[in-house]
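Colleague: I have not worked with this one before. Could you take me through it step by step?

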Amino acid sequence: MEDILVELQQVTIAYGSKPHDTTVVHDVGISLRKGSIHCLVGESGSGKSTLAYTTAGLLGKHAHIEAGQLSFPGGRALKLGSEAHKSWTRTKVGLVMQDPLESLHPLYRVGAQMAEAYCLADRTEKRASALQKAGALLRRMGIADSDRVLRAYPHELSGGLRQRIVIAIAIAKNPDLLICDEPTSALDVTVQRQILVLLRQIANSGKTILLITHDMGVVAQVGDSVSVMKNGSIVEEQDVYALFRSPLHAYTQKLLKATPRLDVPFWKQEDHQ
Ligand SMILES: Nc1ncnc2c1ncn2[C@@H]1O[C@H](COP(=O)(O)OP(=O)(O)OP(=O)(O)O)[C@@H](O)[C@H]1O
């Protein structure tokens, strides 16, 4: 229990209003370990984003939380959707979405947006020192020409660099939990790898990552543990190695069958699994 950051328990979420509402997340529980990457996989519409955004304290206005709590080691628990939960997310949770252009303001330089993140996290922070911290963070992330990047507008940067900036902004407030919703789906394969390496470094530095993806290849590359979601329920939760070695649920087996392999020609892959 000591290495658990937080547990999501009995989460049930619906869209619409009663009696015509539709439950899209049913009694879901997930344990998130400190310093690890927990992947949430499943087909489109299975409820991954709804669960992730609820955890991040951002729920669409047509959604309502029917039940659920966040439980911390030592017995503290926060009811999902409560003010205490929202206040926890403001300081302890960072969010990275699929399209970095949606997260970045097009009219402000990267430096200003990063500095703002530091100043929001610490109201006593001065802008000049926030900018210095932003530059130092970019260099730690392997971005050597940090001065140029800080002066740039988002549209002047590549997609991969923009996503790294979004991740930098998310971790500027030093959150315990980073929730990443398909952070590599909009990027080409070589850039995807850079982002996954960065996420691994962030987890190794002690942060917990909840990574939403529909790509079992991403799970294999960076995941430590994984929950498989289908029709709003978790059908299987395992360590990544165990899941790939012996998937228990028929749906997980199907997901793995759909993952391309290099050792078998694709037209024969069904026969070889
Ligand atoms: N604002 C909304 N109003 C009504 N239903 C919604 C709304 N947003 C999502 N849904 C429904 O909730 C279900 C879960 O959607 P959600 O986006 O959480 O799934 P997902 O697994 O993240 O899918 P994807 O991978 O395509 O993003 C789907 O049936 C979807 O149609």
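Colleague: To begin, what is the strand order in the open sheet of four strands?

Modeller: Please bear in mind that this is a predicted model. The order in that sheet is E2-E1-E4-E5, and the pairing is antiparallel.

Colleague: Which strands stand at the edges there?

Modeller: E2 and strand E5 (77-79) do; each has a single partner strand, so one side of each is left without a neighbour in the sheet. From one strand to the next, the twist averages 10°.

Colleague: How many bridges join E1 and E2?

Modeller: Strand E1 (residues 4-15) and strand E2 (residues 22-33) are joined by eight bridges, in the antiparallel sense. Isoleucine 4, for instance, has arginine 33 in E2 as its bridge partner. The hairpin has six residues between the two strands, and glycine 16 takes a positive phi near 90° there.

Colleague: And what about E4 with E5?

Modeller: Strand E4 (residues 63-71) pairs with E5 over three bridges, in the antiparallel sense. In this pair, serine 71 stands opposite alanine 77 of E5. Helix H1 (residues 48-55) packs on the sheet and touches E1, E2 and E4, with its direction at about 120° to that of E1.

Colleague: Changing topic: what is the order in the open sheet of six strands?

Modeller: The order is E6-E7-E8-E3-E9-E10, and the pairing is mixed. Strand E6 (93-96) and strand E10 (233-239) are the edge strands, each pairing on one side only. Ignoring direction, neighbouring strands in this sheet are turned by 15° against each other on average.

Colleague: In what sense do E6 and E7 pair, parallel or antiparallel?

Modeller: E6 and strand E7 (residues 177-181) pair in the parallel sense, over four bridges. Valine 96 has cysteine 180 in E7 as its bridge partner. Helix H7 (residues 159-172) lies across E6 and E7 and runs at about 170° to E6.

Colleague: Which residues of H8 are buried?

Modeller: Helix H8 spans residues 189-204. Its buried residues are Gln192, Ile195, Leu196, Leu198, Leu199, Ile202 and Ala203. Seen down the helix axis, they fall within an arc of 160°, so they line one face of H8.

Colleague: What do they pack against, and what is on the face turned away?

Modeller: The buried residues of H8 pack against strand E3 (37-41), H7, E7, E8 and helix H9 (216-222). The face turned away from the buried side carries the exposed residues Thr190 and Asn204.

Colleague: How far does H8 reach from end to end?

Modeller: H8 has 16 residues and reaches 23 Å from its first C-alpha to its last, close to the 22 Å expected at 1.5 Å a residue. Just after H8, glycine 206 takes a positive phi of about 110°.

Colleague: Now isoleucine 209: why does it count as buried?

Modeller: Isoleucine 209 counts as buried because 24 other C-beta atoms lie within 10 Å, and the cut-off is 20 or more. This residue is found in strand E8 (residues 208-213). Leaving out residues up to four places away in sequence, isoleucine 209 touches Ile37, Leu178, Cys180, Leu199, Ile202 and Ala203. Of these, Leu199, Ile202 and Ala203 are among the buried residues of H8.

Colleague: Finally, what does UniProt list for residues 6-256?

Modeller: The unreviewed UniProt entry lists "domain: ABC transporter" for residues 6-256. In the model, that span is 41% helix and 27% strand, and its end C-alpha atoms lie 28 Å apart.

Terms used
Residues numbered from 1 in each chain as written. Predicted model: local features only at pLDDT ≥ 70, side-chain atom pairs only at ≥ 80, totals over all residues. UniProt positions renumbered as here; feature names shortened; annotations may be inferred. Buried ≥ 20, exposed ≤ 12 C-beta atoms within 10 Å, placed from the backbone. Contact = placed C-beta atoms within 7 Å. Pairing = 2+ DSSP bridges. Axes fitted to C-alpha atoms, helices over the stretch in contact; angles between N-to-C directions. Expected span 1.5 Å × (residues − 1). Arc of directions from axis to C-beta.
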